[in-house]
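Reader: Could you walk me through how the helices and strands pack here? I like to see the criteria next to the values.

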Amino acid sequence: MNFRYHHLTDKYRRLAVLLILVVAVMLNAVAADHIVKMKRKSGVYYVPCVINGVKKDFIFDTGAAKMSLSQELANELLAKRALTRNDFKGTTQTRNANGVVDNNATVILKQVKVGNRLLKNVEAIIAVSQKAPLLLGLNVIDLLGDWTMRKGNLILHDYYGEQPTDEMPQAISPADVTYIDSDYNTPLETTSSGDDDSVPSLRVRAYKGDSEAQYQLGMMYLKGVGTDADHKFAVEWFRMAATQGHLAAQLALADCYTYGWGVDVDETQAEYWRNKSSQVEY
């Protein structure tokens with residue numbers, strides 16, 4: 001009787017150990033997948049990202065070669081000191097969906113976080129439009145490793161510490177996701193040095209802190225020369241130059257406050273910047 005009891009006890013003990021091992025394997029398999037909840041707007045999926053500590057939703061776009069920022073986001077990152085002038089590297093030509101060649105500033109993002117993936121030193125372009133769509137392009141998507149999409153979720157599969165490679169598959173069901181099939185930023189040429197007098201080079205110099213370039217860019221936005229007129233953007237560039245002591249930018253900023261160009265009319269601010277422009281040290 002005791003022999004049967006011990007025999008059954010050993011049998012159940014072995015079954016319990018086996019069950020624990022099976023459950024552990026299943027839990028590891030589940031933990032290997034990281035799920036990122038996406039947002040769908042107008043048939044397009046957006047994935048939440050953290051760019052140098054700033055949270056933004058980007059379109060998950062396999063038709064875009066590179067990550068793309070709008071000028072509006074670039075200015076926001078500069079204002080929050082999430083970008084510095086040293087992060088801007090030059091200009092790159094790209095072709096948009098209409099076949100038009102655009103000249104874009106290029107920037108190196110120190111950190112791009114998608115789900116549990118943290119990517120470093122990611123190259124991105126800044127679109128010519130201030131409100132261009134934010135695109136998560138292939139240069140980021142390819143670094144996410146193996147992924148799938150299902151029912152509005154981006155599922156990042158864990159390779160147990162292995163680094164993602166180009167050979168890793170990217171299985172996807174066409175019924176699960178809609179992309180912008182745009183080739184929005186297909187590269188045409190290599191990045192230039194940014195030392196010429198072209199409009200894209202002017203933008204790069206402005207981002208790098210050149211007060212004269214900032215003033216000139218402000219005038220372009222104010223008058224709609226070489227770009228769409230946008231008085232709010234003009235004010236931003238005038239202010240950047242004015243705070244560095246650029247006299248013409250200070251007067252331009254005063255005019256903006258006087259006539260309500262891009263800001264509310266404010267005679268106190270207008271008088272302040274006029275006085276600043278008159279305080280010239282010889």
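Reader: How are α6 and α7 oriented to each other?

Author: This is a predicted model, in which local features need pLDDT of at least 70, side-chain atom pairs count only at pLDDT 80 or more, and totals for chains, interfaces and linings use all residues. Residues are numbered from 1 along each chain as its sequence is written, and side-chain values use heavy atoms, with hydrogens and water left out. The axes of α6 (residues 231-242) and α7 (residues 247-259) come within 8 Å and cross at roughly 140°; axes are lines fitted to C-alpha atoms, for helices over the stretch in contact, with angles from 0 to 180 degrees between N-to-C directions. Angles under 35 degrees count as roughly parallel, over 145 as roughly antiparallel, 65 to 115 as roughly perpendicular and the rest as oblique, so α6 and α7 are oblique.

Reader: Which residues of α7 does α6 meet, and what is the handedness of the crossing?

Author: Happy to list them: V235, F238, R239, A241 and A242 in α6 meet A249, Q250, A252, L253, C256 and Y257 in α7, where contact means heavy atoms within 4.5 Å. By class, this contact has 9 nonpolar, 1 polar and 1 charged residues; Ala, Val, Leu, Ile, Met, Phe, Trp, Tyr, Cys and Pro count as nonpolar, Asp, Glu, Lys and Arg as charged, and the others, Gly among them, as polar. A crossing is left-handed if the near helix is turned anticlockwise from the far one by less than a right angle, and right-handed if clockwise. The crossing of α6 and α7 is left-handed.

Reader: What about α7 and α8: at what angle do their axes cross, and how are they oriented?

Author: The axes of α7 and α8 (residues 267-278) come within 8 Å and cross at roughly 165°. That value makes α7 and α8 roughly antiparallel.

Reader: How many nonpolar, polar and charged residues does the contact of α7 with α8 have?

Author: α7 passes α8 in a left-handed crossing. Residues in the contact include L247, L251 and D255 of α7 and E267, W273 and K276 of α8. The class counts are 7 nonpolar, 4 polar and 4 charged.

Reader: And α5 with α6: how do the residues of that contact divide by class?

Author: The axes of α5 (residues 211-223) and α6 come within 8 Å and cross at roughly 160°, which makes α5 roughly antiparallel to α6. The crossing is left-handed. Among the residues in contact are Y215, L222, F233 and W237. The division is 11 nonpolar, 4 polar and no charged.

Reader: Turning to strands, what is the order in the open sheet of 3 strands?

Author: Helices (H or I, at least four residues) and strands (E, at least two) are DSSP runs, numbered from the N terminus, and two strands pair if DSSP finds at least two bridges between them. The edge strands, each pairing on one side only, are β1 (33-37) and β10 (147-150). The order is β1-β11-β10.

Reader: Which residue in the hairpin of β10 and β11 takes a positive phi?

Author: In the sheet, T148 stands opposite I155 in β11. The hairpin has 2 residues between the strands, and the positive phi, near 50°, belongs to K151.

Reader: Which residue meets D57 in a salt bridge?

Author: A salt bridge is a side-chain nitrogen of Lys or Arg within 4 Å of a carboxyl oxygen of Asp or Glu, and the count comes to 7. The N to O distance for D57 is 2.9 Å, and its partner is K39.
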